[in-house]
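Let's take a walk through this one together, from the fold of a single chain to the way two chains meet. Have the view open as you read.

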There are 2 protein chains.
Amino acid sequence: MKKAIVLLSGGVDSAVTLYEAKVDYDCKVLTFDYGQKARKEIDHAKLVAEAAGCEYMVLKIDLPWKGSALLDKEKKIPEGMESAEGGIPDTYVPSRNVIFLSFGVSYAEAIGAEAVFIGAHQMDYSNYPDCRSEFFDNYRETIRYGTRAGVESHSIKIETPVIDRSKKEIVEIGDRSGVPFELTWSCYHGDKKPCGKCESCLFRKQAFEEAGVPDPGVK
Amino acid sequence: MKKAIVLLSGGVDSAVTLYEAKVDYDCKVLTFDYGQKARKEIDHAKLVAEAAGCEYMVLKIDLPWKGSALLDKEKKIPEGMESAEGGIPDTYVPSRNVIFLSFGVSYAEAIGAEAVFIGAHQMDYSNYPDCRSEFFDNYRETIRYGTRAGVESHSIKIETPVIDRSKKEIVEIGDRSGVPFELTWSCYHGDKKPCGKCESCLFRKQAFEEAGVPDPGVK
């Protein structure tokens, strides 16, 4: 079976992406410990990877310059649906997906994997620049020129199976493919229970409601 | 003064790049500890940054999948000028510059720097795919779409001042701008003295000879 690297955050989007990927690929899961306040998501990513029966690795990434409410203790994680207002939210992490993909591609090259999967989506109110199709399209060209794989054989595919799906649709897809939603973690905070107030909690709530799928909550 | 991030390896090319960059920018130096056998180059990068009077940071990067003779103890660093034969050398590190640039861009975004400098060059026998103009041209487009800086204001510039220079010319430029060559380290090994046999040692020797500049050796 062909191999793929799947970037898994522990949230719903990347869990659904993993379950899509594992239909066609032997998936190696890569999760980043990048200093996020929501450290629990790392444990949840592990649980999801185990449930999916996939080999699993956590990679520590140091971003001492921070520059995001998700990383910086001095910056409060906003409540409410900030992204719905249009701008790039304070939770944007400088060049996060540029960094994450670069490790995914390196891993893929080293083990001869054909693809890197990432659960980005650009629908709804997602205003992260590094979740847009234009970014991924350009990234594909970049690694076609800048890697051994791109020059010598096939370029590593960057797969974004949920890029044009709404959150509602992502929940529906995951519901059909048996994603263990009870193992996922969406909250931007890392407290015992999800806060229910941050944008990520609110998006999750809305998505499950719209999809008519009961959110099992956190196990 | 405008700020720039300069990626500094401790070798000649990046040292010359730093001295070019600091003419126009307040330079923040970023060096990667990525598990390279030539660990001495990290200390040499620090010495060069200090000589240039620049703020300095070493960032640890974990590449557990290795995939390069520069990282993997099981793989011998080749002797001789392997690249002169055409293929991509065993010293290629999977997606190294893709990764390094992504951290440079993240740092630049976080502190509001305008540019990231990298000492890549595609002349002579440089067969690294991630040292080619096509790679950098595509990378510029990618971050124009995938970063807050690219969307909201100016995109981060990726500056490659020696990209079309031969090693000989790089030595000539550095000689004119006062680069402390005696503080640089080129050898792929990390022994007390440069081995004189690896490709990097041989390229260095040839470049100084062709430029007619005496190599001061290692301090």
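## The sheet

A quick definition to start: two strands count as paired if DSSP finds at least two bridges between them. What you're looking at is a predicted model, and pairing is a handy place to begin. Strand S4 (residues 115–117) of chain A is joined to S5(A) by 3 bridges, and the two run parallel.

Now zoom out to the whole sheet. In chain A, 5 strands make up an open sheet, in the order S3-S2-S1-S4-S5, with parallel pairing. Its edges are strand S3 (55–60) and strand S5 (157–159) of chain A, each of which pairs on one side only. From one strand to the next, the twist averages 25°.

Helix H1 (residues 12–21) of chain A lies across strand S1 (3–7), strand S2 (26–33), S4 and S5 of chain A. Its direction is at about 170° to S1(A). Helix H3 (residues 96–111) of chain A packs on the sheet too, where it touches S1, S2, S3, S4 and S5 of chain A. The direction of H3(A) makes about 160° with that of S1(A).

## Two helices side by side

H1(A) has a helix partner as well: helix H6 (residues 167–177) of chain A. The two pack at an angle of about 45°, with their axes 9 Å apart. The crossing of H1(A) past H6(A) is left-handed.

Who meets whom here? From H1(A) come A:Val12, A:Asp13, A:Ala15, A:Val16, A:Tyr19 and A:Glu20, and they meet A:Ile170, A:Val171, A:Ile173, A:Gly174 and A:Ser177 in H6(A). By class, the residues of this contact are 7 nonpolar, 2 polar and 2 charged.

## Where the chains meet

Time to bring in chain B. Its contact with chain A involves 39 residues of chain B and 39 residues of chain A. On the chain B side, the elements giving two or more residues are strand S3 (55–60), helix H3 (96–111), helix H4 (133–146) and helix H5 (148–152). Which of them gives the largest share? That is H3(B), with 11 residues. Sorted by class, the chain B side has 19 nonpolar, 10 polar and 10 charged residues.

One pairing to look for is helix H4 (residues 133–146) of chain A with H4(B): they pack at about 160°, with their axes 8 Å apart. Angles over 145 degrees count as roughly antiparallel, so that is how H4(A) and H4(B) lie to each other. H4(A) passes H4(B) in a left-handed crossing. Residues of H4(A) in this contact include A:Phe135, A:Tyr139 and A:Tyr145, and those of H4(B) include B:Phe135, B:Tyr139 and B:Tyr145. The contact's residues divide into 6 nonpolar, 6 polar and 4 charged.

## How the copies are related

How do you get chain B onto chain A? A rotation of 180° with 0.0 Å of shift along its axis does it, at an RMSD of 0.0 Å. The two copies are thus related as by a two-fold rotation axis. Both copies use the same surface, and 100% of the contact residues of chain B recur in chain A.

Methods:
Residues are numbered from 1 along each chain as its sequence is written. Chains are lettered from A and ligands numbered from 1 in the order in which they are written. This is a predicted model: local features need pLDDT of at least 70, side-chain atom pairs count only at pLDDT 80 or more; totals for chains, interfaces and linings use all residues. Two residues are in contact if their C-beta atoms, placed from the backbone, lie within 7 Å. Helices (H or I, at least four residues) and strands (E, at least two) are DSSP runs, numbered from the N terminus. Ala, Val, Leu, Ile, Met, Phe, Trp, Tyr, Cys and Pro count as nonpolar, Asp, Glu, Lys and Arg as charged, and the others, Gly among them, as polar. Axes are lines fitted to C-alpha atoms, for helices over the stretch in contact, and angles run from 0 to 180 degrees between N-to-C directions. Angles under 35 degrees count as roughly parallel, over 145 as roughly antiparallel, 65 to 115 as roughly perpendicular and the rest as oblique. A crossing is left-handed if the near helix is turned anticlockwise from the far one by less than a right angle, and right-handed if clockwise. Copies are superposed by least squares on the C-alpha atoms of residues with pLDDT of at least 70 in both.
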